[in-house]
Amino acid sequence: MSPPRSQTQTRAETQVQTRPAPRPLPPPDDPRLLEDWRRRLDAVPEEVRTLLAEVVAAGGPALADHFYGDMLEDPRASRYLNVDQVRERLKPSLQRWLAELLSAGADGVEALHATQEHVGHVHARIGIPVDLVSRGARRLKDDLHAGIRQRAGSEGLALEAILCADGLVDIALESMTRAYSRSRDAAGQVDGAFRLFSLIQNIGTERERQRALLLTWENALLYALTSDAPGPAAPLQLSRSEFGLWFLHKGMASFGDTAETREVNLIAARMDSTLRARLPEATTAAARRELLDELRAGADAIRSLVTMMFDGIGDLESGRDALTRLLNRRFLPTILRREIALQANTGRQFAVLMLDLDHFKSINDTHGHEAGDRALKHVAALLVENTRGSDYLFRYGGEEFVVVLGSVSLDDAIAIAEGLRNAIASSPVVLADGTSLPLTASIGVAVQDGHPDYERVLARADAAMYQAKRGGRDRVVVDDGGLPDPPGVRALRG
Ligand SMILES: Nc1nc2c(ncn2[C@@H]2O[C@H](COP(=O)(O)OP(=O)(O)OP(=O)(O)O)[C@@H](O)[C@H]2O)c(=O)[nH]1
């Protein structure tokens with residue numbers, strides 16, 4: 001069992017694969033933002049600071065009402081916000097944030113920046129449209145202006161306070177947007193990798209198919225160039241062949257713009273122009289033979305490059321864990337985001353199972369690492385056998401797995417989790433020497449509760465799994481998010 005998600009663990013702390021720490025996002029690359037922020041806070045005159053604090057203290061609740069009232073009117077926001085959450089958590093936290101933003105000293109910049117970064121990452125995970133956030137900021141500034149005008153004794157002070165408040169809100173927004181963009185870019189890259197992975201699901205078969213299509217083109221060329229009347233060049237061009245079309249429409253989309261894809265395009269274009277230029281002049285068998293040899297050399301080069309490209313994506317990074325062949329955990333955010341959107345659009349609920357093998361260390365210690373590997377493969381096969389084709393199975397860490405069950409009720413999710421627990425407990429792994437080793441697993445279940453952040457449903461499943469461990473292992477525990485137990489569930493709880 002790896003440490004709970006609230007604790008951090010680095011790869012360096014462990015020799016074999018355990019739950020890897022999330023890849024850290026790069027630090028802010030523009031120190032000018034922090035300097036500017038400090039300078040602005042330093043420059044706020046004491047009189048203005050006091051005025052802004054009064055405006056927020058007196059007008060804060062109305063300001064928060066206005067901000068969220070406006071937000072909730074946008075139908076897109078209903079996906080991210082609900083009335084209770086706004087009343088209980090978001091309004092008070094908006095007021096606190098505003099008070100801190102407008103009253104901090106220059107030494108508070110790092111903390112403010114960290115908050116904005118956090119909010120930016122959360123917004124990105126949730127997928128909040130940026131225009132909703134900027135509109136909120138505009139409303140906030142309008143209300144601040146009104147409050148300032150009302151309380152400031154003079155026009156001059158009001159103007160100064162408005163300029164300060166605007167600058168501070170803008171810079172906070174900038175810091176948040178930077179974090180938002182970085183998160184979205186990183187997620188976009190993984191989504192892209194997943195698309196590639198889905199596109200070329202069966203890499204081995206696709207590679208052989210494309211090699212065969214290239215050969216078909218070569219044979220057609222051979223046939224044409226060894227005949228007495230080869231006909232026009234155009235139909236013989238590689239770009240017109242089935243391989244050429246595949247490469248243009250799917251290969252390029254799958255492999256992306258790399259040195260290899262560029263090289264393939266270059267060679268193919270050169271081959272086609274050679275064919276067009278030389279075929280009409282190749283009136284003798286010898287000339288056509290020479291042309292054929294040149295074109296086949298080009299095809300050989302393309303074949304090697306395409307093989308290399310397929311091999312390049314055939315490794316673990318393409319999406320599957322090398323040992324268990326289950327999905328790599330880096331695609332988990334992509335899948336969870338998609339399931340959250342599906343639930344928002346169709347009402348179909350999904351669930352996450354966090355499954356951790358019990359006392360796995362003792363298998364390695366007693367029977368060796370190979371026996372441990374065999375047990376992991378065995379469990380992965382049981383997971384495949386005992387879930388539906390529409391479910392997603394991830395190797396999450398060393399001896400931890402995550403199952404994402406789409407379109408399930410809480411009862412379905414519990415039944416599937418119980419089925420998995422039972423399958424593992426009743427199917428010992430048989431080692432190379434014939435020894436039969438019993439295995440058990442602790443499983444945490446969480447059904448998505450409508451919260452837009454996928455980290456939350458994962459953390460809930462994780463917490464339930466820890467409860468299953470604490471409760472004695474070999475059991476299923478449900479995180480109900482505080483909901484009353486459906487009939488029959490309590491019996492499963494740890
Ligand atoms: N053979 C093998 N072992 C692994 C792999 N990844 C992680 N492990 C081992 O899994 C074990 C996990 O041990 P712990 O985290 O202490 O948990 P545990 O022994 O399963 O105990 P509980 O989870 O508390 O029931 C460690 O011994 C790791 O070395 C792997 O890929 N292959």
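Let me start with a term: a nonpolar core is a set of buried Ala, Val, Leu, Ile, Met, Phe, Trp, Tyr and Cys residues joined through C-beta atoms within 7 Å. Buried has a cut-off too: 20 or more other C-beta atoms within 10 Å of the residue's own, with exposed at 12 or fewer, partly exposed in between, and C-beta atoms placed from the backbone.

Now the source. This is a predicted model, where local features need pLDDT of at least 70, side-chain atom pairs count only at pLDDT 80 or more, and totals for chains, interfaces and linings use all residues. Residues are numbered from 1 along each chain as its sequence is written.

First, the overview. The protein chain has 15 helices and eight strands. Those are DSSP runs, numbered from the N terminus: helices are H or I of at least four residues, strands are E of at least two. Of the 494 residues, 31% are buried. Contact here means C-beta atoms, placed from the backbone, within 7 Å. Take the contacts with a separation of 6 or more: 72% of them join residues 24 or more positions apart.

Next, the sheet. It is open, has six strands and shows mixed pairing, in the order β1-β3-β4-β2-β7-β8. At its edges are β1 (327-328) and β8 (476-479), each pairing on one side only. Two strands pair if DSSP finds at least two bridges between them. β1 runs parallel to β3 (residues 392-395), with two bridges. There, L327 stands opposite F394.

Which helix packs on this sheet? Helix α15, residues 454-470, which touches β2 (351-357), β7 (441-447) and β8. Its direction makes about 145 degrees with that of β7. Such angles run from 0 to 180 degrees between N-to-C directions, with axes fitted to C-alpha atoms, for helices over the stretch in contact.

Check the length of α15. Its 17 residues should span 24 Å at 1.5 Å a residue, and the end C-alpha atoms are 25 Å apart, which agrees. The expected span is 1.5 Å times one less than the number of residues.

Several residues of α15 are buried, including Y454, L458, A461 and M465. Their cover includes α4 (109-126), α11 (332-346), β2, β7 and β8. After the helix comes G472, with a positive phi near 125 degrees.

Back to the cores. The largest one has 51 residues, and A351, V352, L353, I443, V445 and A461 touch the most other members. α15 gives the most to this core, with eight residues. What does A351 contact, leaving aside neighbours within four places in sequence? L405, V408, A413, V445, A446, V447 and Q448. Another core, of 34 residues, lies apart from the largest one; V48, A124, L144 and I148 are among its members.

V48 also sits in helix α2, where it is buried, as are L51, L52 and G59, among others. α2 covers residues 46-72 and bends by about 65 degrees at G59. P61, a proline, follows within four residues. The bend is the angle between axes fitted to the seven residues ending at a residue and the seven starting there.

Last, two loop residues. S407 has a positive phi of about 50 degrees, yet is not a glycine. It lies between β4 (400-405) and α14 (410-425), and is partly exposed, with 17 other C-beta atoms within 10 Å. D474, also not a glycine, has a positive phi near 50 degrees. Its loop runs between α15 and β8. D474 is partly exposed, with 18 other C-beta atoms within 10 Å.

Technical notes. Two residues are in contact if their C-beta atoms, placed from the backbone, lie within 7 Å.
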